[in-house]
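Me: I would like to learn how to read chain contacts and charged pairs in a model like this one. Could you take me through it step by step?

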Amino acid sequence: MITSRLPRSASVWRPLLVPTIMLLTWDVGVTVAFQLHWFEFPGITIQYTLYGTAIALFLGFMVNAGYARWWEARTLWGSIVNHSRNVAREATTLLDPTVPNARRELGPDMVRAQIAYVHSLRTSLRQQDPPPEIDRYLSRDAAVRVKNASSGPTATLTHLGRLLAEARRRGMIDDFARVQVESTLSVLTDAQGGLERIKKTPLPVQYRLLPSFFARTFCIILPFAVYQDLQWWTPIGSGLVGMMFLLAVQVGKDLADPFSDDVHDVPMTAISRTIEIDLLEMIGADAPGPVNPVGQVLW
Amino acid sequence: MITSRLPRSASVWRPLLVPTIMLLTWDVGVTVAFQLHWFEFPGITIQYTLYGTAIALFLGFMVNAGYARWWEARTLWGSIVNHSRNVAREATTLLDPTVPNARRELGPDMVRAQIAYVHSLRTSLRQQDPPPEIDRYLSRDAAVRVKNASSGPTATLTHLGRLLAEARRRGMIDDFARVQVESTLSVLTDAQGGLERIKKTPLPVQYRLLPSFFARTFCIILPFAVYQDLQWWTPIGSGLVGMMFLLAVQVGKDLADPFSDDVHDVPMTAISRTIEIDLLEMIGADAPGPVNPVGQVLW
Amino acid sequence: MITSRLPRSASVWRPLLVPTIMLLTWDVGVTVAFQLHWFEFPGITIQYTLYGTAIALFLGFMVNAGYARWWEARTLWGSIVNHSRNVAREATTLLDPTVPNARRELGPDMVRAQIAYVHSLRTSLRQQDPPPEIDRYLSRDAAVRVKNASSGPTATLTHLGRLLAEARRRGMIDDFARVQVESTLSVLTDAQGGLERIKKTPLPVQYRLLPSFFARTFCIILPFAVYQDLQWWTPIGSGLVGMMFLLAVQVGKDLADPFSDDVHDVPMTAISRTIEIDLLEMIGADAPGPVNPVGQVLW
Amino acid sequence: MITSRLPRSASVWRPLLVPTIMLLTWDVGVTVAFQLHWFEFPGITIQYTLYGTAIALFLGFMVNAGYARWWEARTLWGSIVNHSRNVAREATTLLDPTVPNARRELGPDMVRAQIAYVHSLRTSLRQQDPPPEIDRYLSRDAAVRVKNASSGPTATLTHLGRLLAEARRRGMIDDFARVQVESTLSVLTDAQGGLERIKKTPLPVQYRLLPSFFARTFCIILPFAVYQDLQWWTPIGSGLVGMMFLLAVQVGKDLADPFSDDVHDVPMTAISRTIEIDLLEMIGADAPGPVNPVGQVLW
Amino acid sequence: MITSRLPRSASVWRPLLVPTIMLLTWDVGVTVAFQLHWFEFPGITIQYTLYGTAIALFLGFMVNAGYARWWEARTLWGSIVNHSRNVAREATTLLDPTVPNARRELGPDMVRAQIAYVHSLRTSLRQQDPPPEIDRYLSRDAAVRVKNASSGPTATLTHLGRLLAEARRRGMIDDFARVQVESTLSVLTDAQGGLERIKKTPLPVQYRLLPSFFARTFCIILPFAVYQDLQWWTPIGSGLVGMMFLLAVQVGKDLADPFSDDVHDVPMTAISRTIEIDLLEMIGADAPGPVNPVGQVLW
């Protein structure tokens, strides 16, 4: 997520560089060709107004759908944050470490497993390798199991379930409280399912392909359409409008895939770290510092 | 669901082939007729701008409604995924196989019945024959009952309910846990009801018929409208805009019916297989491999 | 609900007949009057583009709101379907017919009362007389009470509540299960409340009146606007655009009132029958056949 | 709420009278001034098309937001209706009047308090004096407390809570059922909170002020824009379009404030009376007749 | 939140002053330059219609998203209001101050902590210092802890949890009621999480940057576009349309950040005070007066 009002990071502008240069080259080329009378062309002013309206329609669908996906992803991560805190609060307050058969570290183990869970979910969504936090916060056994599992987050959540079962077996938690923790875990499963749904189901191909195709076609015919009006100003007029449509397509694409490991991502690294800090504070452990924007981008 | 950025599969483009050829033939024909002065026609430039706006309005309704239906269908399948896992987790953790009267295979039987359920739901929505998974994962009796039932998924869910009742009768599950499983089953019923609602209630006929009719009419009058401006370029200009409107209609239709067994379907086969793999792993059974895209289409 | 792709039933097209004839008569009349030079008129081409945009805005509100009402109505009926099945499942599995004081027919009576409920809800929403299913599925006493009540569905639900109280009095159901049934009944009350809200609260008068008024005014001025461009083609050009706006108004009206007992209704008769069949099968009784479309309309 | 298809009540049309007259006077005045050649003016045809588009954008935001507020208000009142019935059903079925310490009138008192609640909520939202139903349905003590409270509905709900506490103290209700009633009361609190949110939070000032300001400015410049095209027809063409924009602003305003005690209100008086009738029937008391539309307006 | 129909407060208009002056200066300058024939320019009338449509598209996304954020923020605060009342009602009715081990002030302490919570949440969202209400309503110990915590609201809620644990330890509350209070606290956590999500996740940079950039570019080219039509009227025509687009951008920005401590904020100070008054009344303590609008702005 880009945090500054006017991002200066090169990574933001780079994807726009090639299309901009190509667009301007084309616009200038067509203008020069007209000026040198290489060919004649009738005016098509109204034609392209209609064309522009139709493209705006397509772009509207794409950008709206993209934004809805991005915001749903962010809302689901908000749910992960809330319920991670709930898991930790429940692990620290509902487990009774004073019963005869108790294992004192069981509560903190559950909190640490929850931290490993959010980091694992983050790397899983970005299709990265398992994070170092798996080793840091899980026992050696559990870490191996999680790293070998086809789905890291699901395996971590299963591990949490096992810790809960251990608490029940040791008599550290009553049935009522156990159901409460289980329902919290089930809300986490739901949120994870929603995030994976967004990750695995891209926008329909028609929404991805057509706006892009038509916007580019439009950029190609635009200088022909405005040359009679604008003469030497054609590259500016045509370039501005063309740029606008290409940008809208780019905005739709960036928002529609909020876990693609680029600058427009939902800032999952920062969110995971926030949860890590909060949860470590709750069990009185030392916490790392928060994630800061790198080049005005919060990852 | 088409998975590639630029699908090359013939099945994606075939439905567009006939309209494209007809559209271009018509556009070329009208242009030639004008050039040969077979008839004269006054300009109707502004007229068709208005007409285009009105059609855009209709198309907007249709495409938005179609996308909403497609995404609701996908979200409901996401709910099926989550709660299938919940059923399996509950069947493996809440049933106690150590009580005197226990049947050890009851838990795994419930997990297998849940697998049969999602496959049955998939074929039922696509109006196909009952899937082979019915025979593979259900007992012979249950499989016969499910295949004879008017609604396969409902019959499978009823069978799951009977297994749960058996668990209760054998004392393998307490009342509290039983209610928990039952509420999970009830969420599955809800999601199934939502999917059947989308299947059985097509878009209102006005949303299906009118955009298509007006878009086609528009394609017919378009070359007359732009000939005076574009002359020999008419087929290109008119064809591009016409193609755009026809494509938008097609997009709306494809999305509005997400279980029609074509390339734009929600990828139910892949989703069902994912559930199958996950659930078989949970009971330690061998799982088949995941479904891979066929010709860039994930079914 | 119209089920065919291209409805041929006269009832679909009849409401459109009179406006179409009036529209064409007017368009032809104005064209003839111009041709005979009965009067002159300056061009108003741009003027009516703006006018068309403003009307499209109004129509957009109306059609969107209408579709949202129609889909909400359909979704609420989907909830009625799901929870009718739940009532029946609970009545057959949670009631214990083996206790000393049991009445064996109590469970089936509850299922039959639920069938009477959905039929009663259907006729109530369409403002028809109480359906014959009241007499068929309720005891004589209950049928009389329901038919005399101001709200048939509410009275039927109250009757269901009485049967549940009887089950409790006879000791056929424990408190836990009773609460479960009661919460199902309360979801049914909610869905019924939502349906009655849609029925009793029409679209705001501004949404109903203004689009219709402006679309008609537009049709009246349209031939004056396009005559200079289209000459003898005026009736076709003007008629097509005018027809489009009138159709959009009609679509909005048809969708906004989904229980008005016309061809665009939510198919409540078919849905009620489906529930009836499912529930009768659950208690092993003979069921009538499903409702089939009549003249391509499913009621 | 206006119930007729074409309202004839003067109160509907009166707010539109002054703007209409002012608009027509201005349009006629400008036309006459042009005809008398008092001044010349260049054509601004395209300019105002753009202007109209921008205003349509603003109006679209306003009307959509207004409609969403109106429908949310209506839906929340639907929730009040449903849960008022639930309170009454629970008060009549869950309270046991046969225990030694019982007070027979406690159940009916709760039902009557619920009736007082909805009337109190209605007048509170319309910022009117406490309704006579407070005195009719509450004990003298409670009525005084409610009328003196800063929030009448909240005080009435608190009174209901006290009656419930009395029932518990007298042993007329068990803990399980008490929790059920309390959760119903809590849903009522939620719905009331939603209604007060809509009441206390008007549309943002930008949504209220700007569309109105720009629509009026547009009406002022419109005759200048269309005079060259329309000549003596200017007042009609300009008046129609101007009227349309002013009406859209009015529609947005009317819908955005659904409790302002005018003809476009959610019909809270009728809804409250419906609840009153239903609840009185449930305790076998005489009920007043329903509220009928006055001059085609249902209050 | 601005409460008057036509705000006169300078703070509302000041952010608009500089752009307005710059816009008019530019428009007048270009007009004068044209009149003095400093340069010639071809007409670009249709070009900028298209440009305007594209910008309207972008602005539409931005304003809609901004309004949705603002209304979600307001709705979440409505949830805070409702559940603050629930916490207070539960603290006063569910805690039993008559048990042997009771501390009479525990209930009122919980109510006061809830008041401190909402004020803490308000200042936290506005990134201000901890409010004086922390010291007024919390014990010295708790106040210090809350003021040192990284998140004040979370620390206050943790304190509330400790008071609840104390009540349980002293036997003042049974398990059933404790779960009820805990679920209320969990709803508050959810609402707080939603508010922080809106605070910490600004609109995507594309939504913030591009509409603003394109609207300004549009204002720069507008006078060139309309000069040929409007001549000396150019500054008025161009200024009006330009102002409209700049205002739309400003509206989007103001609404998108509802906790930025400016006049367009959700009125959190007033809402917090309302809760404070209500809750103090419930424990019979003296309450401060409500917050009144300052210069027609309710904070």
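Reply: Gladly. Let us begin with the word "contact": it means heavy atoms within 4.5 Å. By that rule chain A and chain C do not touch, and their nearest C-alpha atoms are 12 Å apart. Please keep in mind throughout that this is a predicted model.

Me: How much area do chain C and chain D bury between them?

Reply: About 4,100 Å² is buried between chain C and chain D, and 67% of it is on carbon and sulfur atoms.

Me: How many salt bridges does the rule find across the interface of chain C and chain D?

Reply: The general idea is that side chains of opposite charge can pair when their charged atoms come close. Across the interface of chain C and chain D, the rule finds zero salt bridges. As for polar contact, the count between chain C and chain D is three residue pairs, both residues being at pLDDT 80 or more.

Me: Let us move to chain B and chain A. How many residues does the contact take from each chain?

Reply: Chain B gives 50 residues to the contact and chain A gives 41 residues. The area buried between chain B and chain A is about 4,000 Å², with 67% coming from carbon and sulfur atoms.

Me: Which elements give two or more residues to the side of chain B that touches chain A?

Reply: They are α2 (45-93), α7 (175-200), α8 (205-230) and α9 (234-256) of chain B. The largest share of that side, 20 residues, comes from α2(B). By class, the side of chain B that touches chain A divides into 28 nonpolar, 15 polar and seven charged residues.

Me: How many salt bridges does a search of the whole structure find?

Reply: Over all chains, the search finds 65 salt bridges. One of them joins A:Arg103 to A:Glu166, whose closest N and O atoms are 2.8 Å apart. A:Arg103 lies in the loop between α2 (45-93) and α3 (106-125) of chain A and A:Glu166 in helix α6 (residues 152-169) of chain A, so this pair ties together parts that are 63 residues apart in sequence.

Me: Are A:Arg103 and A:Glu166 buried or partly exposed?

Reply: A:Arg103 is partly exposed, with a relative accessible area of 26%, whereas A:Glu166 counts as buried at 13% relative accessibility. The pair also belongs to a network of salt bridges that links A:Arg103, A:Glu105, A:Asp109, A:Arg112, A:Glu166 and A:Arg170.

Me: Which side chain does C:Arg103 meet in a salt bridge?

Reply: C:Arg103 meets C:Asp109, at 3.1 Å from N to O. C:Asp109 counts as partly exposed at 22% relative accessibility, and C:Arg103 is partly exposed with a relative accessible area of 26%.

Me: Where do C:Arg178 and C:Glu182 lie?

Reply: Both lie in helix α7 of chain C, four residues apart, about one turn of the helix. C:Arg178 forms a salt bridge with C:Glu182, with the closest N and O atoms 3.4 Å apart. C:Arg178 and C:Glu182 are both buried.

Me: What is the nearest side chain of opposite charge to E:Arg74?

Reply: That side chain is D:Glu196, 8.1 Å away. A salt bridge needs the nitrogen within 4 Å of a carboxyl oxygen, and E:Arg74 is buried yet has no salt bridge. E:Arg74 is placed in helix α2 (residues 45-93) of chain E. Leaving out residues up to four places away in sequence, E:Arg74 touches D:Arg197, D:Thr201, E:Val266 and E:Ile271.

Definitions and conventions: Residues numbered from 1 in each chain as written. Chains lettered and ligands numbered in written order. Predicted model: local features only at pLDDT ≥ 70, side-chain atom pairs only at ≥ 80, totals over all residues. Heavy atoms only, no water. Buried area = accessible area lost by both parts, 1.4 Å probe. Polar contact = N/O pair within 3.5 Å; in protein donor to acceptor, adjacent residues only side chain to side chain. Buried < 20%, exposed > 50% of the residue type's maximum accessible area, 1.4 Å probe, protein only. Lys, Arg positive; Asp, Glu negative; His and termini not counted. Nonpolar A, V, L, I, M, F, W, Y, C, P; charged D, E, K, R; others polar.
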